[in-house]
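Dear colleague,

Please find below the structure that I am handing over to you. A summary of the findings follows it.

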Amino acid sequence: MKLKNNNNNLNKITMQNLISKRFLIRKSLIGKNQVIEVTFKNGKQVKYNHDLAYEIMKSKLETMPCFEKYKSYTSSTSIPVILRDKVIL
């Protein structure tokens, strides 16, 4: 996140894309409208909006012990099946 000053001396917050080697959903990113760019080991690239992906996966994530314990969900091989046919950007 960067703070920029414009000519009126007002601060604007600009979120940069988060670049990762795995698909991830983190509780700490919820509500920040973060765009995440993933490049998997097989070379496939995916770009998604964290909040949109979270909303689609919310009911499943809330039942997963890893999400409760570690406050995150990751996949290093691909995006979850539930998101594959969705527009998440």
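A salt bridge is taken here as a side-chain nitrogen of Lys or Arg within 4 Å of a carboxyl oxygen of Asp or Glu. The model is predicted, so local features need pLDDT of at least 70 and side-chain atom pairs count only at pLDDT 80 or more, while totals for chains, interfaces and linings use all residues. Residues are numbered from 1 along each chain as its sequence is written, and side-chain values use heavy atoms, with hydrogens and water left out.

Salt bridges

The whole structure contains 2 salt bridges. In one of them, Asp85 pairs with Lys86, with the closest N and O atoms 3.3 Å apart. Asp85 is exposed at 64% relative accessibility, and Lys86 is partly exposed at 38% (buried means under 20% relative accessible area, exposed over 50%, partly exposed in between, with a 1.4 Å probe and protein chains only).

Glu68 forms a salt bridge with Lys27, and here the closest N and O atoms are 3.7 Å apart. Glu68 belongs to helix α2 (residues 65-70) and Lys27 to the loop between β4 and β5, so this pair ties together parts that are 41 residues apart in sequence. Helices (H or I, at least four residues) and strands (E, at least two) are DSSP runs, numbered from the N terminus. Glu68 is exposed, at 53% relative accessibility, whereas Lys27 is partly exposed at 31%.

The sheet

Strands β5 (residues 35-39) and β6 (residues 45-49) pair in the antiparallel sense over 5 bridges; pairing requires that DSSP finds at least two bridges between two strands. Within this pair, Val35 stands opposite Asn49 and Ile36 opposite Tyr48. The hairpin of β5 and β6 has 5 residues between the strands, and Gly43 takes a positive phi near 95° in it.

An open sheet of 3 strands runs in the order β3-β5-β6, with mixed pairing. Both β3 (18-20) and β6 are edge strands with a single partner each, so one side of each has no neighbour in the sheet.

The core

The largest nonpolar core has 19 residues, and Phe23, Ile25, Tyr48, Leu61 and Tyr73 have the most contacts inside it. Such a core is a set of buried Ala, Val, Leu, Ile, Met, Phe, Trp, Tyr and Cys residues joined through side-chain atoms within 4.5 Å. Two or more residues of this core come from each of β4 (23-26), β5, β6 and α1, and the largest share, 4 residues, is from α1.

With kind regards
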